[in-house]
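Please read the points below alongside the sequence and the structure. They are meant for someone meeting this chain for the first time.

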Amino acid sequence: TWFWCAALILCLFVGPVQAASRSLMARIAPADQSTEMFGLYAFSGRATAFVGPWLFGQLTVMFHTQRAGMASILLFFVVGGMLMRYVKLTPSSQNTCKTN
């Protein structure tokens, strides 16, 4: 029961976070480099997709419990939150939807 409750709560946040990350990328990418930025965004996501499962497996083996593996998610949240503190939105990046 607790698993399903946690899964439902997680489902409420994972999709919006993915959509918000793409919106943020669209806002901060220079208009003339948006294609390159989205390409790098997609490449970095695919190139690092193994890190989460690998860390989960390593911590599970090291501590002999899957709880330690699941704690790796907290590590990703903390590191991601610390990195997001350095993202600066300038007033010019607030509205990048320009039409000619």
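1. Gly15 lies in helix H1; helices here are DSSP runs of H or I with at least four residues, strands are runs of E with at least two, and both are numbered from the N terminus. With a relative accessible area of 35%, Gly15 is partly exposed; under 20% counts as buried, over 50% as exposed and the range in between as partly exposed, using a 1.4 Å probe and protein chains only. From Gly15 to Leu89 the C-alpha distance is 23 Å, across 74 residues of sequence.

2. This is a predicted model, in which local features need pLDDT of at least 70 and side-chain atom pairs count only at pLDDT 80 or more, while totals for chains, interfaces and linings use all residues. Residues are numbered from 1 along each chain as its sequence is written, and side-chain values use heavy atoms, leaving out hydrogens and water.

3. H1 covers residues 2-28, 27 residues in total, and spans 39 Å between its first and last C-alpha, close to the 39 Å expected at 1.5 Å a residue; the expected span is 1.5 Å times one less than the number of residues. At Leu10, H1 bends by about 25°, the bend being the angle between axes fitted to the seven residues ending at a position and the seven starting there.

4. The chain has four helices and zero strands, in the order α-α-α-α along the sequence. Its radius of gyration is 17 Å, whereas a compact globule of 100 residues would have one near 13 Å; the radius is taken over C-alpha atoms, and the globule rule is 2.2 Å times the number of residues to the power 0.38. Along the principal axes, the C-alpha atoms fill a box of roughly 60 × 30 × 20 Å. Of the 100 residues, 9% count as buried.

5. What lines the largest pocket? Its lining has 37 residues, with Val14, Val17, Gln18, Phe76 and Phe77 nearest the centre. On a 1 Å grid over the protein atoms alone, a pocket is an open set of points where a 1.4 Å probe fits, with protein on both sides within 12 Å along at least five of seven lines, and lining residues have an atom within 4 Å of a point. H1, H2 (34-47), H3 (51-63) and H4 (66-84) are the elements that give two or more residues to this lining, and H1 gives the most, with 15.

6. Two loop residues deserve a look. Asp32 sits between H1 and H2 and is exposed, with a relative accessible area of 66%. Asp32 and Met70 are 38 residues apart in sequence, and their C-alpha atoms are 40 Å apart. His64 is in the loop between H3 and H4 and is exposed at 73% relative accessibility. Phi of His64 is near 60°, a positive value in a residue other than glycine.
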